[in-house]
Amino acid sequence: MAATPASGGAYSCETAARTREWMEALAAFLGRHRPLLEAHVVNFFKDRMWELVDAEWMECLRREPVESLLKLPSGCVQEHWPATLREFVLTARSLVIPREQKAPQSLVPDIHVASIGTVLAQGMNSKKKHEIENLAAVVHAIAKSCGAKTVVDVGSGQGYLAQALSFEYQLPVVAIDASSHHASVTVARAERIKKYYAAKCVEKQFLKVPRTITCHVLSSDTLAAVTLGACKDDNGEHLRETKACTEKSPQIQEPTQSSPPLILAGLHACGDLSVNMLRVFVSCEQVKALVSVGCCYNLLSEDSYEDTNTCPGFPMSKAAKLSELVLGKSIRDLACQVLEKYFPEVSRLSPSIGRQGKALRRQRLRKVVESQMAKEKIDDFSCSTLKEQNANTGDVDSVIYGVDTGPDDIHHDERRKFALFKDFTLSGLCRLGCGSVEDTSLLEIWKDVHPFSEYIGPFWCLRAALGPLVETYILLDRLLFLQEQSNLVEALLFPLFDPTLSPRNMAIIAWKLSANSSEA
């Protein structure tokens, strides 16, 4: 197997030394923009975050059309922008790992990417189908080249990858997932697919069905124990079975002659699950290869620089551990300026209001759209009629919101925005058990912050430009962890999917070399 290593302009991760150089450049750049990196956009108004950014940048960007702002995180600049702003955007982009999809043949020359038929693809959208086709082909090719006999699908979900590997490539698969519901779906779906493939077979063929294991993988030790235990092949055949792992600290079983060589695979294994896969690959003799596409970096555990009994999800490599770069906690979704002013004791607890506010905003937006569509159909509804109604019932804002917002010089769009703000705020306060706030108080807050709302877009885009750098650093940290092990491990980052279909497309691919091949 051979592939061109990923590179970002002048940077490369072909060797551990080059990877460290790239990570040092990333850490230095992110360090210079630490305030922007740590900013929680939910605190934008309360903390006057627009003041964290160069005033010349904000003055320039607030006048830019939305199209230009949305292209900024991708490295697109305008000639009339300040030189320092252009330098920031272009430097950030030069440090990001390229995501253009590479042909699987550049990794394994004789690889065949099988097209998944309608039966296997049932329930998949075009994104998932694209991912499964490419990932299954790569896992099969690497398993074949390194002699792995069984695939362990970590974080298997509904079993799409496991079933593609079983039925399309005839590989024994153990599917591990934390959800018993997912295991049931995987088993039921596999039985339906098995009937279809059995009907197609002219000659007698043993159809391998994925074996499902339900287990909360909280550590690499747990994953290693479950993997080795599930893959023991005492009777020479693989049976479909659903098992539940309930042990908090299961004992790692020593490899035996009945334990087949394994390859670990994971499609968007969440948070620390991808990290645990890497550690099991390194520590477990029976695991010969690894193909992992990670996601949910916000759920990674992070070293707090205290003595603990657990291995954090970040950092992994020795170089990253010596670095001063700390990622910090994920953004909490709450209405901060209202809490700070009226409920300071709740604000200090840093609570989370969950997804209720988002659902409410979507519901409210749907109502607005439906209302606007209905109004367009009423041809005889005139401005004079609206004014007459307002004269009879008071100001329209008083009718809708119970608040006197003044005369008609406030446009409908502004009233709609205030309504969304009010609904979301009251929903969050209710979920936190804070009680109510007078409408006049909410209007006061709205009027205080609304003049600065035009800075939100520029600020968000500048901060979004740093996101790919953080992800690049995390990916390089994982790669370097493998590169630091020994010359018996080959590892690389490979853009496996089309980023327009699957933006989280970077796979960590690793395999173990024999002593003879490493000496050569």
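This report describes the fold, aromatic contacts and selected residues of a predicted model.

## Basis of the model

The model is predicted: local features need pLDDT of at least 70 and side-chain atom pairs count only at pLDDT 80 or more, while totals for chains, interfaces and linings use all residues. Residues are numbered from 1 along each chain as its sequence is written, and side-chain values use heavy atoms, with hydrogens and water left out.

## Overall make-up

The protein has 21 helices and ten strands; helices (H or I, at least four residues) and strands (E, at least two) are DSSP runs, numbered from the N terminus. Of its 520 residues, 46% are buried, where buried means under 20% relative accessible area, exposed over 50% and partly exposed in between (1.4 Å probe, protein chains only).

The accessible surface comes to about 26,500 Å², and 51% of this belongs to carbon and sulfur atoms; the areas come from the Shrake-Rupley method with a 1.4 Å probe, and for residues, only the protein chains shown count as cover. Among contacts (heavy atoms within 4.5 Å) with a separation of 6 or more, 74% are between residues 24 or more positions apart.

## Aromatic pairs

Rings of Phe, Tyr and Trp (its six-membered ring) pair if their centres lie within 6.5 Å; planes under 30 degrees apart count as stacked, over 60 as edge-to-face and the rest as tilted. By this rule there are 14 aromatic pairs. One of them is the stacked pair of Trp-50 and Phe-452, with 4.4 Å centre to centre and 15 degrees between the planes. Trp-50 lies in the loop between α2 (34-38) and α3 (55-61), and Phe-452 in the loop between α18 (439-449) and α19 (456-464), so the pair ties together parts that are 402 residues apart in sequence. Trp-50 is buried at 8% relative accessible area, whereas Phe-452 is partly exposed at 23%.

Phe-421 and Trp-446 form a tilted pair, 5.7 Å centre to centre and with 40 degrees between the planes. Phe-421 belongs to helix α17 (residues 412-431) and Trp-446 to helix α18, so this pair ties together parts 25 residues apart in sequence. Both Phe-421 and Trp-446 are buried.

## An aromatic cluster and charges over rings

Trp-50 and Phe-452 also belong to one aromatic cluster with Phe-44, Phe-45, Tyr-455 and Phe-459. The charged end of Arg-48 sits over the ring of Phe-452, 5.2 Å from its centre; the rule asks for NZ of Lys or CZ of Arg within 6 Å of the ring centre and within 35 degrees of the ring normal. Lys-512 lies over the face of Phe-281, at 5.1 Å from the ring centre.

Arg-62, in the loop between α3 and α4 (66-71), is partly exposed, with a relative accessible area of 26%. Not counting residues up to four places away in sequence, Arg-62 touches Glu-454, Tyr-455 and Pro-458. The C-alpha atoms of Arg-62 and Phe-459 are separated by 9.2 Å, although these residues are 397 residues apart along the chain.

## Strands β9 and β10

Strand β9 (residues 489-495) is largely enclosed by the rest of the structure, because six of its seven residues are buried. Seven bridges join β9 to the antiparallel strand β10 (residues 506-512); strands pair if DSSP finds at least two bridges between them. Trp-511 in β10 is the bridge partner of Glu-490.

## Cysteines

No disulfide, defined as a pair of cysteine sulfur atoms within 2.5 Å, is found in the whole structure. Cys-215 is buried at 2% relative accessible area, while Cys-311 is exposed at 53%.
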